[in-house]
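Please read this briefing alongside the sequence and the 3D view.

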Protein chains: 2
Amino acid sequence: MTRQELIQQIFEKKTFLCVGLDTDIKKIPEHLLKEEDPIFAFNKAIIDATAPYCIAYKPNLAFYESMGVKGWISFEKTITYLNENYPKHFIIADAKRGDIGNTSAMYARTFFKEMNIDSLTVAPYMGEDSVTPFLQYEGKWVILLALTSNKGSHDFQLTADSEGERLFEKVLRKSQEWGNADNMMYVVGATQGKMFEDIRKIAPDHFLLVPGVGAQGGSLEDVCQYGMTKDCGLIVNSSRAIIYADKTEKFAEVAGEEAKKVAEQMKEILENAQK
Amino acid sequence: MTRQELIQQIFEKKTFLCVGLDTDIKKIPEHLLKEEDPIFAFNKAIIDATAPYCIAYKPNLAFYESMGVKGWISFEKTITYLNENYPKHFIIADAKRGDIGNTSAMYARTFFKEMNIDSLTVAPYMGEDSVTPFLQYEGKWVILLALTSNKGSHDFQLTADSEGERLFEKVLRKSQEWGNADNMMYVVGATQGKMFEDIRKIAPDHFLLVPGVGAQGGSLEDVCQYGMTKDCGLIVNSSRAIIYADKTEKFAEVAGEEAKKVAEQMKEILENAQK
């Protein structure tokens with residue numbers, strides 16, 4: 001999906017919500033466990049119920065890998081289902097990969113070419129040649145970890161060099177030598193509040209993928225106040241607060257209602273921003 | 001596997017070689033393609049031929065994931081084969097994972113508990129809570145990326161803070177607040193040469209996993225001169241130079257011979273070090 005197509009989706013649907021498919025067999029409604037593939041059955045129902053209110057889906061690979069071969073089957077079925085039924089939704093594989101060049105190239109081929117996923121989260125620690133293989137596919141995106149939502153983000157990401165540049169700032173600046181706002185986004189945690197201002201000084205146009213709203217305590221208002229651009233520039237993810245809002249047979253319906261609530265907030269924010 | 005057991009293996013067998021199972025369907029001998037599971041057939045033959053000359057195996061997950069569900073099946077079969085037939089060999093899942101706490105915890109359970117793998121490579125960018133979930137399993141290890149073998153390692157890992165501490169040094173120092181030499185190792189690329197001296201100043205006792213000897217151009221002599229400790233302290237990985245040394249029906253035999261050559265060098269180095 002191109003940047004223009006993404007922006008169009010956001011403004012047509014008036015939402016920049018991403019639903020995180022962090023599907024955990026221990027947390028899904030019990031009645032699904034009798035299904036042949038409970039994880040896929042859950043995802044399918046959640047997707048059908050939330051699709052009108054979001055523009056992206058983000059399965060976190062860890063949840064699928066933790067189930068071994070079965071998990072990979074559920075993951076692949078979910079991606080195929082999205083590609084076939086919701087081709088206008090942006091798909092993010094939250095994989096946090098990053099390896100030496102030839103290995104990153106293999107990951108890129110798998111996720112982008114074979115599975116037709118739009119984007120992949122990538123960890124920057126190994127530098128340029130771990131990232132650039134992901135930038136070789138037209139319409140595909142690298143989403144580079146910059147400033148994450150967790151407590152440990154303070155351990156290394158905020159370390160300033162001798163000229164005062166913090167590591168996440170160096171990642172933002174340096175990576176713009178490798179890609180641009182048409183093929184690269186950054187992960188910035190919703191818990192980072194005013195730091196979005198600092199991010200926008202270095203990356204004024206890039207889309208930011210923002211996890212951490214909801215269960216992790218980030219505020220949608222703060223994120224938008226400091227991070228939104230004229231093109232929106234934000235994809236805000238919510239996982240647990242939507243997909244596990246209810247554990248009965250009505251789980252999908254309730255997830256849809258929760259997604260709708262967030263989308264309504266987003267609509268208001270987008271409309272106010274355009275005034 | 002405990003540190004003591006690992007050291008015992010190294011000194012009994014007089015080798016600290018790790019064979020990297022970077023198995024690529026495009027590079028394995030053609031006659032294997034008619035097997036039901038060519039990747040596993042290749043791995044099994046390579047393992048049987050090289051086991052006397054190494055103390056560890058390191059499958060790189062990217063190579064398996066790139067084949068989707070089939071790849072995961074080959075990976076799981078390889079791990080089961082190692083656990084059942086070579087329980088004294090140290091198994092490294094080269095996965096370079098690292099995510100927020102609850103997600104890292106899922107990875108830890110998968111790799112350590114369900115698959116009984118000894119260790120996992122982890123990327124440090126997200127900090128403490130992305131690493132500590134992997135340290136909760138007795139006899140299991142985190143192998144944290146410190147200074148990698150690739151060109152891009154210069155982009156961020158060498159950046160010095162205002163007090164002159166470089167990022168890889170901060171990773172080494174800070175992570176010792178989370179774990180110790182009994183449950184944590186570091187990845188240091190063989191191409192880093194004299195930098196091993198700097199590493200040893202901060203991590204004098206930790207084992208180092210050293211990729212980059214062979215195809216990537218690192219020197220075994222340099223690594224040992226600057227990085228070896230009284231307990232050896234090194235696991236040196238070779239992948240392509242061993243497993244793809246020959247592409248005929250004799251591939252496994254030739255791989256065994258290549259592994260033997262490296263092991264003989266290692267034996268000499270270990271014996272000289274003890275004089």
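The points below cover the interface and then the nonpolar core.

This is a predicted model. In it, 55 residues of chain A are in contact with 55 residues of chain B. Together the two chains bury about 4900 Å², with carbon and sulfur atoms accounting for 59% of that area.

**Area of the interface**
- The size of an interface is often expressed as the accessible area that is lost when the parts come together.
- Of the area that chain A buries against chain B, 18% comes from A:M106, A:Y125 and A:F156, more than from any other three residues.

**Polar and charged links**
- The rule finds 26 residue pairs in polar contact across the interface of chain A and chain B, both residues being at pLDDT 80 or more.
- Four salt bridges are found across this interface.
- A:K96 and B:D99 form a salt bridge, and their closest N and O atoms are 2.9 Å apart.

**Elements of chain A at the interface**
- Several elements of chain A each supply at least two residues of the side that touches chain B, including α4 (68-85), β3 (90-97), β5 (141-147) and α8 (167-175).
- The largest share of that side, seven residues, is supplied by α5(A).
- By type, the residues on that side of chain A are 21 nonpolar, 17 polar and 17 charged.

**Nonpolar core**
- The largest nonpolar core contains 205 residues.
- The residues with the most contacts inside this core are A:F16, A:F111, A:L234, B:F16, B:F111 and B:L234.
- Leaving aside neighbours within four places in sequence, A:F111 is in contact with residues including A:L61, A:W72, A:F75 and A:L120.

Note on methods. Residues are numbered from 1 along each chain as its sequence is written. Chains are lettered from A and ligands numbered from 1 in the order in which they are written. This is a predicted model: local features need pLDDT of at least 70, side-chain atom pairs count only at pLDDT 80 or more; totals for chains, interfaces and linings use all residues. Side-chain values use heavy atoms; hydrogens and water are left out. Contact means heavy atoms within 4.5 Å. Buried area is the accessible area (1.4 Å probe) that two parts lose on being put together, summed over both. A salt bridge is a side-chain nitrogen of Lys or Arg within 4 Å of a carboxyl oxygen of Asp or Glu. A polar contact is a pair of N or O atoms within 3.5 Å; within protein, one must be able to donate a hydrogen and the other to accept it, and residues adjacent in sequence count only if both atoms are side-chain atoms. Helices (H or I, at least four residues) and strands (E, at least two) are DSSP runs, numbered from the N terminus. Ala, Val, Leu, Ile, Met, Phe, Trp, Tyr, Cys and Pro count as nonpolar, Asp, Glu, Lys and Arg as charged, and the others, Gly among them, as polar. A nonpolar core is a set of buried Ala, Val, Leu, Ile, Met, Phe, Trp, Tyr and Cys residues joined through side-chain atoms within 4.5 Å. Buried means under 20% relative accessible area, exposed over 50%, partly exposed in between (1.4 Å probe, protein chains only).
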